[in-house]
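Student: Please show me the structure, and then we can go through it by question and answer.

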Amino acid sequence: MELLNQQMSFAGVQRQYKHQSSCLDCDMVFSVYLPPQAQHDVVPVVFWLSGLTCTDENFVTKAGAQRIAAELGLAIVCPDTSPRGEQVPDDPSAAYDFGLGAGFYLNATQAPFDKHYKMYDYVVHELPRLLVELPLDLSRASIMGHSMGGHGALTIAIKNPDQYRSVSAFSPICAPSQCPWGHKALAGYLGVDQKAWEEYDATALLLERGCRLPIKIDQGEADNFLVEQLKPELFLAAAKVELVDVEYGLHPGYDHSYFFIASFIEEHLRFHHRYLG
Ligand SMILES: N[C@@H](CCC(=O)N[C@@H](CSC=O)C(=O)NCC(=O)O)C(=O)O
(Lines give C-alpha, C1' and ligand atoms only; values in the text may rest on other atoms or scores of the structure.)
Protein backbone atom coordinates (compact mmCIF):
# COMPACT_ATOMS: atom_id res chain seq x y z
CA MET A 1 0.00 0.00 0.00
CA GLU A 2 1.27 3.49 -0.85
CA LEU A 3 0.42 6.30 1.56
CA LEU A 4 -0.90 9.21 -0.54
CA ASN A 5 -1.97 11.66 2.16
CA GLN A 6 -2.00 12.06 5.89
CA GLN A 7 -3.55 14.79 8.02
CA MET A 8 -3.76 14.99 11.77
CA SER A 9 -7.35 15.21 13.00
CA PHE A 10 -8.59 15.23 16.62
CA ALA A 11 -5.23 13.79 17.74
CA GLY A 12 -5.61 10.88 15.30
CA VAL A 13 -4.74 10.69 11.60
CA GLN A 14 -6.82 10.79 8.44
CA ARG A 15 -4.96 8.81 5.77
CA GLN A 16 -5.45 7.91 2.13
CA TYR A 17 -3.81 4.85 0.58
CA LYS A 18 -3.41 3.59 -2.99
CA HIS A 19 -2.93 -0.07 -3.89
CA GLN A 20 -3.27 -2.53 -6.72
CA SER A 21 -6.46 -4.54 -6.34
CA SER A 22 -6.27 -8.10 -7.62
CA CYS A 23 -10.01 -8.75 -7.51
CA LEU A 24 -10.94 -5.45 -9.24
CA ASP A 25 -7.91 -5.64 -11.57
CA CYS A 26 -7.10 -1.92 -11.22
CA ASP A 27 -5.49 0.59 -8.88
CA MET A 28 -7.73 1.63 -6.00
CA VAL A 29 -7.67 4.34 -3.35
CA PHE A 30 -9.23 4.10 0.11
CA SER A 31 -9.29 6.34 3.18
CA VAL A 32 -8.89 5.40 6.82
CA TYR A 33 -9.23 7.41 10.00
CA LEU A 34 -7.03 6.12 12.84
CA PRO A 35 -8.03 7.48 16.26
CA PRO A 36 -5.37 8.52 18.79
CA GLN A 37 -5.75 5.16 20.61
CA ALA A 38 -4.23 3.45 17.53
CA GLN A 39 -0.83 4.91 18.45
CA HIS A 40 -0.62 2.45 21.37
CA ASP A 41 -2.99 -0.43 20.60
CA VAL A 42 -5.11 -2.08 17.93
CA VAL A 43 -8.56 -0.49 17.61
CA PRO A 44 -11.96 -1.71 16.36
CA VAL A 45 -13.02 -0.66 12.88
CA VAL A 46 -16.18 0.56 11.17
CA PHE A 47 -16.41 0.25 7.40
CA TRP A 48 -18.25 3.10 5.64
CA LEU A 49 -19.73 2.47 2.17
CA SER A 50 -20.61 5.61 0.21
CA GLY A 51 -23.36 6.21 -2.32
CA LEU A 52 -23.69 6.94 -6.01
CA THR A 53 -21.13 9.37 -7.48
CA CYS A 54 -18.89 9.22 -4.38
CA THR A 55 -15.23 8.38 -3.98
CA ASP A 56 -13.49 7.50 -0.72
CA GLU A 57 -13.36 11.24 0.07
CA ASN A 58 -17.02 12.36 0.39
CA PHE A 59 -17.52 10.86 3.83
CA VAL A 60 -14.09 11.98 5.03
CA THR A 61 -14.67 15.62 4.14
CA LYS A 62 -18.42 16.00 4.74
CA ALA A 63 -19.62 13.68 7.54
CA GLY A 64 -17.65 15.21 10.40
CA ALA A 65 -17.03 11.78 11.91
CA GLN A 66 -13.45 12.21 13.12
CA ARG A 67 -14.19 13.94 16.44
CA ILE A 68 -16.48 11.23 17.74
CA ALA A 69 -14.37 8.42 16.24
CA ALA A 70 -11.41 9.84 18.18
CA GLU A 71 -13.43 9.95 21.39
CA LEU A 72 -14.67 6.37 20.98
CA GLY A 73 -11.40 4.94 19.69
CA LEU A 74 -12.87 3.73 16.41
CA ALA A 75 -11.11 3.50 13.06
CA ILE A 76 -13.23 4.23 10.00
CA VAL A 77 -12.33 2.68 6.64
CA CYS A 78 -13.84 4.25 3.50
CA PRO A 79 -13.42 2.37 0.21
CA ASP A 80 -14.22 3.85 -3.20
CA THR A 81 -17.61 3.04 -4.77
CA SER A 82 -16.42 1.24 -7.92
CA PRO A 83 -13.33 0.05 -9.73
CA ARG A 84 -11.49 2.93 -11.43
CA GLY A 85 -9.28 3.64 -14.43
CA GLU A 86 -9.33 4.16 -18.20
CA GLN A 87 -9.66 0.41 -18.80
CA VAL A 88 -12.77 0.06 -16.58
CA PRO A 89 -16.05 0.11 -18.57
CA ASP A 90 -18.55 2.82 -17.63
CA ASP A 91 -22.24 3.41 -18.32
CA PRO A 92 -22.53 3.88 -22.13
CA SER A 93 -24.08 7.32 -21.60
CA ALA A 94 -21.87 8.10 -18.57
CA ALA A 95 -24.97 8.29 -16.34
CA TYR A 96 -24.26 8.72 -12.62
CA ASP A 97 -26.23 5.64 -11.52
CA PHE A 98 -24.27 2.86 -13.25
CA GLY A 99 -20.60 2.09 -13.89
CA LEU A 100 -17.93 4.35 -12.43
CA GLY A 101 -18.96 5.58 -8.99
CA ALA A 102 -21.84 3.11 -8.96
CA GLY A 103 -20.45 -0.37 -8.31
CA PHE A 104 -23.39 -1.40 -6.07
CA TYR A 105 -21.14 -3.57 -3.85
CA LEU A 106 -21.83 -6.71 -5.90
CA ASN A 107 -19.88 -9.15 -8.09
CA ALA A 108 -20.93 -8.55 -11.70
CA THR A 109 -21.48 -11.57 -13.91
CA GLN A 110 -22.24 -9.81 -17.21
CA ALA A 111 -19.63 -8.76 -19.79
CA PRO A 112 -17.99 -6.30 -20.02
CA PHE A 113 -18.51 -5.50 -16.32
CA ASP A 114 -17.55 -8.91 -14.90
CA LYS A 115 -13.81 -8.27 -15.32
CA HIS A 116 -13.57 -5.35 -12.87
CA TYR A 117 -16.86 -4.87 -11.02
CA LYS A 118 -16.32 -7.16 -7.99
CA MET A 119 -16.95 -4.66 -5.21
CA TYR A 120 -18.53 -7.31 -2.97
CA ASP A 121 -15.32 -9.37 -2.96
CA TYR A 122 -13.25 -6.22 -2.57
CA VAL A 123 -15.07 -5.00 0.55
CA VAL A 124 -15.62 -8.38 2.18
CA HIS A 125 -12.34 -10.13 1.38
CA GLU A 126 -9.56 -8.12 -0.26
CA LEU A 127 -9.70 -4.86 1.71
CA PRO A 128 -9.72 -6.52 5.17
CA ARG A 129 -6.65 -8.54 4.13
CA LEU A 130 -4.79 -5.34 3.20
CA LEU A 131 -5.71 -3.73 6.49
CA VAL A 132 -3.64 -6.17 8.53
CA GLU A 133 -0.77 -3.69 7.95
CA LEU A 134 -2.60 -1.15 10.15
CA PRO A 135 -3.21 -1.20 13.95
CA LEU A 136 -6.77 -2.53 13.59
CA ASP A 137 -8.57 -5.34 15.39
CA LEU A 138 -10.53 -6.82 12.51
CA SER A 139 -12.25 -9.29 14.83
CA ARG A 140 -14.13 -6.21 16.06
CA ALA A 141 -15.66 -4.77 12.86
CA SER A 142 -18.98 -3.17 11.97
CA ILE A 143 -20.31 -1.78 8.71
CA MET A 144 -22.45 1.19 7.69
CA GLY A 145 -23.25 3.19 4.59
CA HIS A 146 -25.42 5.69 2.75
CA SER A 147 -27.98 5.10 -0.01
CA MET A 148 -26.24 2.70 -2.47
CA GLY A 149 -23.73 2.22 0.36
CA GLY A 150 -26.57 1.54 2.80
CA HIS A 151 -27.71 -1.21 0.44
CA GLY A 152 -24.11 -2.46 0.42
CA ALA A 153 -23.80 -2.42 4.20
CA LEU A 154 -27.12 -4.23 4.78
CA THR A 155 -26.55 -6.93 2.15
CA ILE A 156 -22.94 -7.54 3.16
CA ALA A 157 -23.82 -7.74 6.87
CA ILE A 158 -26.78 -10.07 6.34
CA LYS A 159 -24.57 -12.38 4.26
CA ASN A 160 -21.56 -12.25 6.62
CA PRO A 161 -22.90 -12.15 10.19
CA ASP A 162 -19.67 -13.60 11.59
CA GLN A 163 -17.52 -10.83 10.10
CA TYR A 164 -19.40 -7.85 11.56
CA ARG A 165 -20.89 -7.05 14.97
CA SER A 166 -23.49 -4.48 13.88
CA VAL A 167 -24.79 -2.75 10.77
CA SER A 168 -26.29 0.68 10.16
CA ALA A 169 -27.47 2.71 7.21
CA PHE A 170 -28.49 6.23 6.28
CA SER A 171 -31.23 6.37 3.64
CA PRO A 172 -30.43 2.92 2.21
CA ILE A 173 -31.74 1.54 -1.08
CA CYS A 174 -33.70 -1.14 0.76
CA ALA A 175 -35.08 -3.24 -2.09
CA PRO A 176 -33.05 -2.68 -5.29
CA SER A 177 -35.10 -5.31 -7.15
CA GLN A 178 -38.07 -2.97 -6.75
CA CYS A 179 -36.74 0.48 -7.67
CA PRO A 180 -35.36 2.16 -10.82
CA TRP A 181 -31.75 2.56 -9.57
CA GLY A 182 -31.66 -1.10 -8.59
CA HIS A 183 -33.35 -2.39 -11.75
CA LYS A 184 -30.78 -0.66 -13.92
CA ALA A 185 -27.80 -1.79 -11.84
CA LEU A 186 -28.88 -5.37 -11.20
CA ALA A 187 -29.90 -5.97 -14.82
CA GLY A 188 -26.68 -4.41 -16.11
CA TYR A 189 -24.32 -6.21 -13.75
CA LEU A 190 -26.18 -9.51 -13.19
CA GLY A 191 -28.42 -9.96 -16.25
CA VAL A 192 -32.17 -10.07 -16.63
CA ASP A 193 -32.83 -13.21 -14.54
CA GLN A 194 -34.28 -11.61 -11.42
CA LYS A 195 -33.54 -14.70 -9.31
CA ALA A 196 -29.87 -13.65 -9.35
CA TRP A 197 -30.83 -10.20 -8.02
CA GLU A 198 -32.02 -11.63 -4.69
CA GLU A 199 -28.39 -12.17 -3.63
CA TYR A 200 -27.98 -8.40 -3.53
CA ASP A 201 -31.37 -7.24 -2.28
CA ALA A 202 -31.47 -6.50 1.45
CA THR A 203 -35.21 -7.07 1.74
CA ALA A 204 -35.11 -10.39 -0.15
CA LEU A 205 -32.05 -11.51 1.83
CA LEU A 206 -33.68 -10.64 5.14
CA LEU A 207 -36.78 -12.65 4.22
CA GLU A 208 -34.59 -15.59 3.21
CA ARG A 209 -31.97 -15.57 6.00
CA GLY A 210 -33.12 -13.28 8.80
CA CYS A 211 -30.41 -11.34 10.62
CA ARG A 212 -29.04 -11.70 14.14
CA LEU A 213 -26.91 -8.53 14.01
CA PRO A 214 -28.14 -5.27 15.55
CA ILE A 215 -29.48 -3.03 12.76
CA LYS A 216 -29.94 0.76 12.83
CA ILE A 217 -31.45 2.75 9.95
CA ASP A 218 -32.07 6.51 9.76
CA GLN A 219 -34.04 8.15 6.99
CA GLY A 220 -34.83 11.78 6.17
CA GLU A 221 -38.52 12.41 5.57
CA ALA A 222 -37.78 15.21 3.06
CA ASP A 223 -35.51 12.94 0.98
CA ASN A 224 -36.37 13.29 -2.74
CA PHE A 225 -35.46 9.64 -3.32
CA LEU A 226 -37.47 8.16 -0.45
CA VAL A 227 -40.62 6.99 -2.25
CA GLU A 228 -39.27 5.97 -5.65
CA GLN A 229 -35.83 4.57 -4.81
CA LEU A 230 -35.32 3.80 -1.11
CA LYS A 231 -38.52 2.10 0.15
CA PRO A 232 -37.61 1.47 3.80
CA GLU A 233 -41.16 0.24 4.42
CA LEU A 234 -40.35 -2.96 2.46
CA PHE A 235 -37.30 -3.73 4.61
CA LEU A 236 -39.20 -2.93 7.82
CA ALA A 237 -42.07 -5.22 6.77
CA ALA A 238 -39.59 -8.04 6.08
CA ALA A 239 -37.97 -7.44 9.48
CA LYS A 240 -41.38 -7.75 11.14
CA VAL A 241 -42.02 -11.08 9.40
CA GLU A 242 -38.59 -12.36 10.45
CA LEU A 243 -38.91 -10.98 14.02
CA VAL A 244 -35.76 -8.91 13.46
CA ASP A 245 -35.44 -5.70 15.50
CA VAL A 246 -34.52 -2.59 13.51
CA GLU A 247 -33.72 0.65 15.32
CA TYR A 248 -35.42 2.93 12.79
CA GLY A 249 -35.64 6.72 12.79
CA LEU A 250 -37.64 8.84 10.32
CA HIS A 251 -36.53 12.46 10.61
CA PRO A 252 -38.80 15.30 9.43
CA GLY A 253 -37.13 17.96 7.30
CA TYR A 254 -33.92 16.07 6.48
CA ASP A 255 -33.01 15.28 2.87
CA HIS A 256 -30.63 12.79 1.21
CA SER A 257 -27.48 14.84 1.61
CA TYR A 258 -24.41 14.69 3.80
CA PHE A 259 -26.01 17.40 5.98
CA PHE A 260 -28.31 14.62 7.18
CA ILE A 261 -25.43 12.20 7.66
CA ALA A 262 -23.39 14.77 9.59
CA SER A 263 -26.38 15.41 11.88
CA PHE A 264 -26.70 11.75 12.94
CA ILE A 265 -23.23 10.25 12.46
CA GLU A 266 -22.52 10.53 16.19
CA GLU A 267 -25.56 8.36 17.00
CA HIS A 268 -24.41 5.76 14.46
CA LEU A 269 -20.86 5.59 15.78
CA ARG A 270 -22.12 5.30 19.37
CA PHE A 271 -24.47 2.51 18.23
CA HIS A 272 -21.56 0.56 16.72
CA HIS A 273 -19.33 1.28 19.71
CA ARG A 274 -21.84 -0.50 21.97
CA TYR A 275 -21.14 -3.74 20.09
CA LEU A 276 -17.44 -3.23 19.35
CA GLY A 277 -16.41 -2.80 22.96
N1 LIG B 1 -26.29 13.45 -8.97
C2 LIG B 1 -27.52 12.79 -8.72
C3 LIG B 1 -27.62 12.20 -7.34
C4 LIG B 1 -26.32 11.80 -6.75
C5 LIG B 1 -26.43 11.71 -5.24
O6 LIG B 1 -27.30 12.25 -4.60
N7 LIG B 1 -25.49 10.97 -4.69
C8 LIG B 1 -25.52 10.76 -3.27
C9 LIG B 1 -25.73 9.32 -3.01
S10 LIG B 1 -27.24 8.80 -3.79
C11 LIG B 1 -27.32 7.11 -3.58
O12 LIG B 1 -26.47 6.34 -3.59
C13 LIG B 1 -24.22 11.25 -2.66
O14 LIG B 1 -23.80 10.82 -1.64
N15 LIG B 1 -23.60 12.23 -3.35
C16 LIG B 1 -22.29 12.75 -2.96
C17 LIG B 1 -22.31 13.94 -2.05
O18 LIG B 1 -21.20 14.32 -1.61
O19 LIG B 1 -23.38 14.47 -1.73
C20 LIG B 1 -28.66 13.74 -8.91
O21 LIG B 1 -28.35 14.90 -9.06
O22 LIG B 1 -29.81 13.31 -8.87
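Student: How do the residues of the shell around the ligand divide by class?

Tutor: This is a predicted model, in which local features need pLDDT of at least 70, side-chain atom pairs count only at pLDDT 80 or more, and totals for chains, interfaces and linings use all residues. Residues are numbered from 1 along each chain as its sequence is written. Ala, Val, Leu, Ile, Met, Phe, Trp, Tyr, Cys and Pro count as nonpolar, Asp, Glu, Lys and Arg as charged, and the others, Gly among them, as polar. On that basis the shell around the ligand has 5 nonpolar, 7 polar and 1 charged.

Student: Is α4 roughly parallel or roughly antiparallel to α6?

Tutor: Helix α4 (residues 148–159) packs against helix α6 (residues 202–209) at about 20°, with the axes 9 Å apart. Helices here are DSSP runs (H or I, at least four residues), numbered from the N terminus. Axes are lines fitted to C-alpha atoms over the stretch in contact, and angles run from 0 to 180 degrees between N-to-C directions. Angles under 35 degrees count as roughly parallel and over 145 as roughly antiparallel, so α4 and α6 are roughly parallel.

Student: Is Val88 buried, exposed or partly exposed?

Tutor: Buried takes 20 or more other C-beta atoms within 10 Å, exposed 12 or fewer, and partly exposed lies in between, with C-beta atoms placed from the backbone. Val88 has 19 C-beta neighbours inside 10 Å, so Val88 counts as partly exposed.

Notes. Helices (H or I, at least four residues) and strands (E, at least two) are DSSP runs, numbered from the N terminus. Angles under 35 degrees count as roughly parallel, over 145 as roughly antiparallel, 65 to 115 as roughly perpendicular and the rest as oblique.
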